[in-house]
Amino acid sequence: MAAVEAGPVPATSAPEDAARDAPEAAGAGPEAPLLPAGNRLSLHLYPGGCRRLLRLCAQQAPQLLEVDFLQLSGHEDPQLLEAALAQLRWSLPHLRSLVLKGGQRRDALGACLQGSLTTLPASLSGLAHLAHLDLSFNSLETLPACVPQMCGLDALLLSRNCLSELPAALGALPSLTFLAVTHNRLRTLPPALGALSSLQRLDLSGNLLEALPPEIGGLGSLAELNLASNRLQSLPGSFAGLRALRLCILHSNLLASVPASLARLPLLTRLDLRDNQLRDVPPELLDAPFVRLQGNPLGRPPPDPPSPPGTPMVPEMPRLLLTSDLDSFAVTPQGCSVTLACGVRLQFPAGATAAPVTIRYRLWLPEPRLVPLGPHDALLSGVLELQPHGVAFQQEVGLWLLFVPPRARRFREVVVRTLSDDSWSDLETHLEEEAPQVGAARAVWEGPALLRPAGPNRVLLRPRQRLWAHCQVPHFSWFLVVSRPVSDACLVPPEGALLCSSGHAGVRVTFPAGATEEPRHVRMQSGPSSFLRPVTVQLPLPPGITGLSLDRSCLHLLHRAAPAATWDDITAQVALELTHLYARFQVTRFSWYWLWYTTKTCVGGLARKAWERLRLHRVNLIALQRRRDPEQVLLQCLPRNKVDATLRRLLERYRGPEPSDTVEMFEGEKFFAAFERGIDIDADRPDCVEGRVCFVFYSHLKNLKEVYVTTALDRRARAVRGQVSFYRGEVPEVVPEEAEAARQKRGTAALWMATLPIKLPRLRGCEGPAQGAGLSLAPLNLGDAETGFLTQSNLLNVARRLGPDWPAVALHLGLPYRELQRIRHEFRDDLDGQIRHMLFSWAERQAGQLGAVGRLVQALEQSDRRDVAEEVQAVLELGRRKYQEGLQHTSLAPRNLASPDRSPSPSLEPAQTETPDFGLDPEAPAFKSSLRVNKVTPPPV
């Protein structure tokens, strides 16, 4: 790094003055900079970088001839910067990379400032070795004339400038492979852009493009194309000529149609069409797995016909889809709809701001000082900070925050919490599924479904849907999504009132007449509030208990004051009135009340522990076997609301029966799993006692264990059908092999909980060596005598090595894309099956054709799998050598012909050469048949 501390240098007013002062500064003694220690010269990190460069150039040191990388700041004085750049052609003739970026400075709000660079000196075209030029974050309005003359340029970066057009001369850069002109003001593209035959990556996102020239189809080497956040309404038909295209990003445009030829691009792996105006797409694209179509009005009716002449046009609100490397955006009085990379959505209505405003955002990790949570609140999202703080908008801005559905859903609601005037408050929140839509509402959870509607703004939500919390904000601050207990409020007049819980219909508070002298607002589960007369509280009795059958000595009413951390038994201090379903009592102060029914005589410490840990959960038990290895069994105990999501994630790799029936378990309860009917655990585990796996249930943990099982039965004759049973409690010394009596007694204290079947499939391929490793594939001879043969064993080893690269190999082998889709669908749960089916179906079609093995090797090389290609060639070479040795051994070689009276040896003993691991099998039937085909009787001498 060529960077040393130097003293202050007086400013110059013109490039001539800077050039004249350079020799004087070079001899300034201790102020002169040191020479670069390597081939990189980074002067953008220090003030006065251009002055330092001029001093280095004035020294004419030979070390400058080795510099091939130079970076200067675009925030330097324009005249001084131009003078420094004019010296590069003579002082740094071997320069290969030149970076003149702005953006190192920020404004008061932290936004990046653009550099002052507006042009480049013409002498830069003489840098014959320059291959990389970065002019991002500057103030270029036109492309400097010297840039198209840099014939050796490989990468050109022009992002974050003020370019309104690109010159046609840009198409004269024959070596250009990467061009980035993002976030400029481009409205059109020159047709000469299609002459860039070497261009591989083109990024034109964040411009004002409305159409593309047909010549863009001439970019035959283009592999990545990014046209996001433009105004494109259609694509030219010449897109079908982009045969090398792998990645095509077209989201956040105005596309109403796309050509069907995009589906026939052979190497395309991702086509992003999100957030456009597509109402119908070709069937080839609709079913393709690499196409993303979210945010399009697919299937919706067309918009209303245009307004009559003379009707003022309402401009469409602009939409922005920001990427992860952006932390700010601009909002104009026209308004806009913005989607941040973290999933947050904002909608600024027209007139929300009177002048353009730059909005900055940041997603903070949860910290105690940023997350104000109550004793029963749960955080559901990160903390979003939007700046500028406190600036009031003329109209409220819509805000959608993506959040994770809460674990605890009974009697809870989701709200957006914000900081306003140094205090946190909850905003009126509506929940929306999948995409923001008007008219959604707040949700109250009761298990997997809503207990009952509590008002016009309560809706039933499916817990596995992606959810947004929507609110209207008048100004920006900090925002987060929390789950809190349902709070109900009412105004209590002197005449009395009745407050019912919206979460549970059995909870209500009765205020008699005269309870208060003046109207008071009361909120259930709020802080202490005393009343002039006792109020009646009604709580439902515990499940399974009625007022006619309970033992009053076992019923306890516990009270917990807000500051205290313990529960007090106040049963003797209140008068409990019992009905068939409810218990009523009167209080003068609101707090926490808990109705217990237990046989314990002292419930103080027990209640505290139960409040922290012991909660009754409804759970399901699952037992799945790995698809590739049925002897690997996964056992898991999950709360009922997590089962479906977990199964969707696991069924790609596992298979098994449906989950067990729902059972009830307490937090921290112990249980164990026992394998029965001939199946046992295959390893010693610390959590395994006498072949039984121990568990402890915690609702916030996965409660998952994977074990390997075995059997003493003969699996070669038939499959082994066993089972795994789950029992409560610790592992006893003796567990009945078939706990039929326990299974018939389904109760709260029952030992047995569930039994799930386990099947170990019949072992295949154990009858003889001819069946291989459980595969039944037709024997084949792939190849010819000149190039060599590949046997079935060889192809199986190729299939094991390909892995996820097999689609590229298949395309290079000539298989159509539709056949690849069919193979993926038929073997969607088996990657090895996909590879084997593709390889052997191709090999069967190539049987008897010349050059098949050569095409396979070429396809492997084109798919960047040279390791497999080299091993195939090694196998072919070894096969050819063994073939020649076999001919010589049977006296059929031309240089060792046998005499007429000698007959060939009846046995063919191959040489004892070590076979590589790749899988050459000289004893395979295909190899022997190749020897028999070439075995002929020698002519008489």
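Axes here are lines fitted to C-alpha atoms, for helices over the stretch in contact. The model shown in these views is predicted.

**View 1. Packing of helix α2 against helix α3.** Helix α2 spans residues 49-59 and helix α3 spans residues 78-85; their axes are 9 Å apart and meet at an angle of about 30°. Angles under 35 degrees count as roughly parallel, and α2 and α3 are therefore roughly parallel to each other. Their crossing is left-handed. On the α2 side the contact is made by Cys50, Arg51, Leu53 and Leu54, and on the α3 side by Leu80, Leu81, Ala83 and Ala84. By class, the contact of α2 with α3 comprises seven nonpolar residues, one charged residue and no polar ones.

**View 2. The open sheet of 11 strands.** The strands follow the order β1-β2-β3-β4-β5-β6-β7-β8-β9-β10-β11, with parallel pairing. At the edges stand β1 (40-42) and β11 (291-292); each has a single partner strand, so one side of each is left without a neighbour in the sheet.

**View 3. Pairing of strands β5 and β6.** Strand β5 (residues 155-157) pairs with strand β6 (residues 178-180) in the parallel sense, over three bridges. The bridge partner of Leu157 in β6 is Ala180.

**View 4. The aromatic pair Phe329 and Phe348.** Eight aromatic pairs are found in a search of the whole structure. In the pair of Phe329 and Phe348, the ring centres are 6.2 Å apart and the planes stand at 65°, so the pair is edge-to-face. Phe329 belongs to strand β13 (residues 328-331) and Phe348 to strand β15 (residues 345-348), so the pair ties together parts that are 19 residues apart in sequence.

Notes: Residues numbered from 1 in each chain as written. Predicted model: local features only at pLDDT ≥ 70, side-chain atom pairs only at ≥ 80, totals over all residues. Heavy atoms only, no water. Axes fitted to C-alpha atoms, helices over the stretch in contact; angles between N-to-C directions. Helix = DSSP H or I, 4+ residues; strand = E, 2+ residues; numbered from the N terminus. Parallel < 35°, antiparallel > 145°, perpendicular 65-115°, else oblique. Left-handed = near helix turned anticlockwise from the far one by under 90°. Contact = heavy atoms within 4.5 Å. Nonpolar A, V, L, I, M, F, W, Y, C, P; charged D, E, K, R; others polar. Pairing = 2+ DSSP bridges. Phe/Tyr/Trp six-rings, centres within 6.5 Å; stacked < 30°, edge-to-face > 60°.
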